[in-house]
Amino acid sequence: MTAYVEAVSELRPRMRRAIIMVQDLVMVLVAVALSLILSQSRLSFAAFSPGGLACWAVIVLIAHLLFRSCGLYNTVWRFASTPDFFNILKGCGSLTVVLYLASLAFRFFFQPVAGLNERQFIVFFLVSFTIISAPRLYYRFLRDGASWRILRRATGDAPVKQALFIGRLSEADVIVRFTRTAVPAEYAIAGIMATEMDAPLGTRIQGVPVVALRPRLVEVLEDYVNGTESLDLLIFGKGVEREIEDYAELVRVARHSGIAVVQFSGLSELGQGGRLVLDAVEMETIMRRSAVATDTARIGAFVGGKRVMVTGGAGSIGRVLVKRALELGAEAVLVADNSEFGIFQLDQLIDDHYRDRLTSRIVDVTDRPHMMRLVSEFKPSILFHAAALKHVPLLEENWEAAIETNVFGTLACAEIAAECGVPQFLLISSDKAVDPTSVLGVTKRAAEQIVSSLHETHAAPSPLHAANGHRAGAHHSHHEGVHRSGTKFIAVRFGNVFGSNGSVATIFQAQIEAGGPVTITDRRMTRYFMTVAEAVDLVIMSAADAEQRQGKDDYAIYMLDMGQPVPILEVAETMIRMTGKSPYTDIPIRFTGIRPGEKLHEMLHGENEEVVKLDIAKIFGLRSAVVQWPRIEAALPALVAAMHDRDRAAALAVLAGFNPIEEDIGARGQAVPKTAGQIG
C-alpha cells in the first residue's frame with residue numbers, strides 16, 4: 001500500500017487525477033459487492049450477464065458524475081481536511097440515494113428485483129464511504145506522520161532539521177502541518193513552547209507535545225538544549241517579540257548553543273508543498289521596539305496608480321521606499337542615484353514581476369540639467385528626496401561635499417519639482433537637524449528650511465543657474481519674486497533606522513564577526529531607533545496626510561514618533577549576546593570618546609517647536625519658525641562664494657543664517673533663536 005501511494009504521488013497531476021478517478025470507481029464496484037455479501041443478499045440476475053454488466057456500467061457512470069459534481073477531484077491529497085471528507089460523504093450519500101431511487105423506479109416500471117432492500121443500500125453507503133476515504137486518510141497519515149519521514153530517509157534523502165517552535169498554538173498547528181507536507185522535508189517540529197499562559201501543558205498538537213509555557217520559556221529551553229544534541233533550529237511565531245519579555249534571552253540561549261534562530265512570517269508555494277517562509281531574526285526585532293500597525297489601505301490608495309520618483313533610491317531608506325511603492329501599486333517608479341553598485345544591488349532585490357514598472361538612472365542630484373530632463377520626461381506625481389550624505393565624522397572633514405549634496409542637491413530637486421509642476425515633494429530629514437552641532441546637522445537643517453520656506457509660500461523660485469564654474473551651480477534669480485506652482489513641499493524628520501548603511505547595527509555586526517572589539521564613543525550616548533520598514537510606511541503616510549491639508553492645519557515638517565531613545569551600549573551588549581557570546585568577556589567593548597560633531601543625545605524637535613498630535617499613530621505635525629524665501633535666495637551667492645574659496649567657517653556662518661530670526665517668522669511659526677549650535 002505504501003509503495004502504491006508513493007508511486008501515485010510521484011506522477012504528474014493529470015495522470016495522478018485520472019488514476020484516482022479510476023480507483024474511486026473500482027471502490028464503488030467493490031462496495032456494491034461487499035454490501036451484497038455482508039447483507040447476504042441473493043440477486044435474481046447473474047452479475048456477469050448482459051443485464052448485470054449494463055447495471056454496473058450505469059452505476060460507474062452515475063458515480064463518476066456525482067463525485068465530480070461533489071468536488072472530490074479538486075483537492076490535493078496532501079492537504080485533505082474535514083471539508084474534503086465531507087465532500088466524500090456527500091458524494092457517497094448522493095450515490096446511495098440515486099441508486100436506491102433507480103432501483104425503486106426499475107421495480108415499479110419494469111420488474112421486481114429480488115435480493116434488494118433498504119438494508120443493502122445502508123451497508124453500501126457505509127462501505128463506499130469507508131473504502132473511498134481510506135486511501136486519502138492513509139496518504140495523509142504517511143505525509144503527516146513519522147512513517148513518511150522514515151520512508152523518505154530510506155530513499156537516501158538528507159535528514160530533516162529538528163526544531164522547537166515558540167508562539168501561539170493556532171500558529172503551531174499551521175507550522176507543524178506544513179513542515180510535514182514540504183517536499184523535500186526540511187524541518188520537523190520536535191516541541192512547542194506556547195506563549196499563551198493558559199495553554200494546556202503536555203497536550204499535543206498533531207502529535208507534537210507542548211513542552212513549555214510562559215513564564216518558564218527560557219528555563220525550559222536551557223534544559224532542552226542541555227539535554228539533547230539533536231536540536232537544530234528555533235522558530236519564533238509572528239509578533240512574538242512584542243508578546244514576551246524574554247525574547248532576546250531566548251535568542252541568546254539558542255545561539256550560544258549553536259542553534260539557528262528564525263522567525264515565521266508566512267507561507268509560500270502552497271500548491272507545491274506548503275513551504276514556510278522563515279526570516280532571519282534582525283536587530284530591530286531583538287530591541288523589541290513596538291512597531292505601529294500600518295494603514296496599508298490608506299497608503300495604498302495614496303501611492304496606487306501614481307508615478308513615483310525617489311532620489312537616493314539605491315540607499316538604505318530609498319530602496320525600501322522603491323520596493324514599497326511598487327508593492328502598493330505605483331504605476332511607475334524612477335530611481336535617481338549616483339551609485340552604480342547601489343543601483344545594481346537594488347535591481348537584485350526587486351521581484352521580476354515588478355521590474356517592468358521600475359526605471360533606474362545613474363545621476364547626481366546636483367546635476368540640474370540631467371535632473372530637469374528626468375523629471376520633465378517622467379512626470380512624477382510625488383518626488384521622495386532621500387539622496388543625502390549622512391556620516392557625521394566624515395562630513396566634518398568633507399564639508400564641501402555635505403553642502404553640495406545636502407543643501408544644493410535639495411535646492412535643485414525642489415526647484416525642478418516646482419518648475420515641472422510635480423504635485424508633491426517630500427524631503428527625508430533627520431533628527432540631526434535639531435539644534436545642529438555638526439556639518440551634517442547644519443546642512444540638513446538648511447535643507448529643511450528650504451523646503452519649509454517653499455511650503456510657506458506655496459511657490460517655487462525662478463530658475464537659479466550655475467555661475468563661474470562652481471560644479472553645484474552658483475545660484476541667482478533671473479527676476480524678482482516667485483511664481484506659484486501648486487507643488488506641496490514637506491519634510492519628514494526622524495532618527496536612526498536599523499540596518500541602514502553605516503548605522504551602528506551594521507558597524508557593530510562587522511566588529512563582532514571580526515572578534516571585536518566593539519567600539520563605542522561614550523557609554524552615556526543614546527539614539528532613537530526605528531525599523532526601516534516602519535519608517536518608510538510612516539513617511540508615505542505623512543505624504544498622504546499632507547496631500548489633504550490646507551490652510552492653518554497644514555504642516556511643512558512632520559515628525560515620526562521614535563519611542564524612547566536607546567543607549568548605544570545596550571545595543572552593543574544585546575547584539576553580542578545574540579551571537580551567543582558574552583560582552584566584555586568574549587567580545588571586548590572599547591570606549592573611544594565622542595567624535596567631532598557628535599552629540600550624546602539627539603532630539604526630535606527643538607524647544608521652540610510646537611509638536612501637534614495628529615489623528616495618525618506615530619506621526620506628529622511641527623509648527624516651527626520659517627526663513628522667508630527672499631532671505632534664503634539672498635544668502636545663496638555668499639554660500640557659493642565660500643564654497644569657491646573653500647572657506648569652511650564662512651560657509652557654515654552662511655548656513656547658520658538659515659536659522660530663522662524673529663522678523664522672519666512665518667504666519668504659523670513660533671520664534672526660534674538664531675543659532676546653528678557649536679559647529680566647530
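1. Helix α13 (residues 340–349) lies across β9 (332–337) and β10 and runs at about 165 degrees to β10. Helix α14 (residues 368–378) also packs on the sheet, where α14 touches β8 (307–311), β9, β10 and β11 (382–385), and the direction of α14 makes about 165 degrees with that of β8. Contact means heavy atoms within 4.5 Å. Axes are lines fitted to C-alpha atoms, for helices over the stretch in contact, and angles run from 0 to 180 degrees between N-to-C directions. Helices (H or I, at least four residues) and strands (E, at least two) are DSSP runs, numbered from the N terminus.

2. The model is predicted: local features need pLDDT of at least 70 and side-chain atom pairs count only at pLDDT 80 or more, whereas totals for chains, interfaces and linings use all residues. Residues are numbered from 1 along each chain as its sequence is written, and side-chain values use heavy atoms, with hydrogens and water left out.

3. The sheet is open, with 9 strands in mixed pairing and the order β10-β9-β8-β11-β12-β15-β20-β24-β23. Strands pair if DSSP finds at least two bridges between them. β10 (358–362) and β23 (610–613) stand at the edges with a single partner strand each, so one side of each has no neighbour in the sheet. From one strand to the next, the twist averages 25 degrees.

4. V611 stands opposite L622 in β24.

5. Helix α16 (residues 399–419) packs with α17 at an angle of about 10 degrees, their axes being 9 Å apart. α16 is therefore roughly parallel to α17 (angles under 35 degrees count as roughly parallel, over 145 as roughly antiparallel, 65 to 115 as roughly perpendicular and the rest as oblique). Residues of this contact include W399, I403 and L411 of α16 and L440, I450 and L454 of α17.

6. The axes of helix α17 (residues 439–457) and helix α22 (residues 648–656) come within 10 Å and cross at roughly 40 degrees. That angle makes α17 oblique to α22. On the α17 side, V439, V442, T443 and A446 meet R648, L652 and L655 of α22.

7. There are 5 aromatic pairs, counted where ring centres of Phe, Tyr and Trp (its six-membered ring) lie within 6.5 Å; planes under 30 degrees apart count as stacked, over 60 as edge-to-face and the rest as tilted. The rings of Y100 and F121 have centres 5.2 Å apart and planes at 75 degrees, so this pair is edge-to-face. Y100 belongs to helix α4 (residues 82–109) and F121 to helix α5 (residues 118–144), 21 residues apart.
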